[in-house]
Amino acid sequence: MDINVIVGGASGLGRAIALQLAKDPTCNLVLWDINEAKLRRFLRKLNEGREGKDARHFGQIVDVSCEDQVKAASKSLGNLVYVIGNAGICNGKSFYELDGSEFETTIRVNFLHNVYLTRHLYNR
């Protein structure tokens with residue numbers, strides 16, 4: 001099965017992209033998100049009327065700031081068509097106001113998740 005992965009797919013821009021792609025009846029989505037409740041609610045909406053074996057859109061709880069989780073989740077995917085690395089966080093602070101932990105988390109989510117995607121999804 002051809003798969004389109006959207007990282008950060010349960011809300012914001014990722015959700016908007018998923019809604020557009022889901023209009024294509026041949027499109028199969030796998031949404032990765034860290035927020036399980038939002039992901040489950042959104043998948044119910046996307047698969048409305050197509051539950052069970054007829055569902056075309058699936059989700060995985062993945063913390064993309066953790067390379068081991070990206071690596072593990074990537075092993076279960078079929079033939080990839082598109083990968084949209086869309087995860088991102090913003091805590092409202094300026095660059096200079098972030099403490100060390102906040103800075104590291106921001107870099108891991110907003111930048112390194114794309115490095116992890118490249119290492120484990122694009123080169124399989």
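Thr106 sits in helix 4, a stretch that runs over residues 100-120. In this predicted model, Thr106 has a relative accessibility of 18%, so this residue counts as buried. Setting aside neighbours within four places in sequence, Thr106 makes contact with Ile89, Leu98 and Phe111.

Four strands form an open sheet in the order 3-2-1-4, and the pairing is parallel. The edges are taken by strand 3 and strand 4 (79-85); each has a single partner strand, so one side of each is left with no neighbour in the sheet. Going from one strand to the next, the twist averages 20°. As a general point, strands of a sheet pair through backbone hydrogen bonds, and they do so either parallel or antiparallel. Here, strand 2 and strand 3 pair in the parallel sense, over 5 bridges. Asp33 stands opposite Ile61, a residue of strand 3. Helix 2, made up of residues 36-46, packs on the sheet and touches both strand 2 and strand 3. The direction of helix 2 makes about 175° with that of strand 3.

The Asn4 side chain reaches the backbone nitrogen of Tyr82 at 3.4 Å. Not counting residues up to four places away in sequence, Asn4 touches Cys27, Asn28, Leu29, Val30, Val81 and Tyr82.

Strand 4 holds Val83. At 16% relative accessibility, Val83 counts as buried too. Apart from neighbours within four places in sequence, the contacts of Val83 are Val5, Leu117, Leu121 and Tyr122. Val83 and Thr118 are 35 residues apart in sequence, yet their C-alpha atoms are 9.6 Å apart in space.

Next comes helix 3, which spans residues 67-74 and has Val70, Ala73 and Ser74 buried. These residues cover an arc of only 100° around the axis, so they end up on the same side of helix 3. In general, an α-helix has 3.6 residues a turn, so residues three or four places apart point the same way. The cover over the buried residues of helix 3 includes strand 2 (29-33), strand 3 (57-61) and helix 4.

That leaves the nonpolar interior. In soluble globular proteins, nonpolar side chains tend to be buried together. The largest nonpolar core in this model has 16 residues, and those with the most contacts inside it are Val5, Val7, Trp32, Val64, Val70, Leu77 and Leu117. Strand 1 (2-7), strand 2, helix 3 and helix 4 each supply at least two residues of this core. Val70, once its neighbours within four places in sequence are left aside, is in contact with Trp32, Val62, Val64, Tyr116, Leu117 and His120. There is also a second, separate core of 11 residues, with Ile6, Leu29, Leu31 and Leu43 among them.

Technical notes:
Residues are numbered from 1 along each chain as its sequence is written. This is a predicted model: local features need pLDDT of at least 70, side-chain atom pairs count only at pLDDT 80 or more; totals for chains, interfaces and linings use all residues. Side-chain values use heavy atoms; hydrogens and water are left out. Buried means under 20% relative accessible area, exposed over 50%, partly exposed in between (1.4 Å probe, protein chains only). The arc is that of the directions from the helix axis to the C-beta atoms. Contact means heavy atoms within 4.5 Å. Two strands pair if DSSP finds at least two bridges between them. Axes are lines fitted to C-alpha atoms, for helices over the stretch in contact, and angles run from 0 to 180 degrees between N-to-C directions. A nonpolar core is a set of buried Ala, Val, Leu, Ile, Met, Phe, Trp, Tyr and Cys residues joined through side-chain atoms within 4.5 Å. A polar contact is a pair of N or O atoms within 3.5 Å; within protein, one must be able to donate a hydrogen and the other to accept it, and residues adjacent in sequence count only if both atoms are side-chain atoms.
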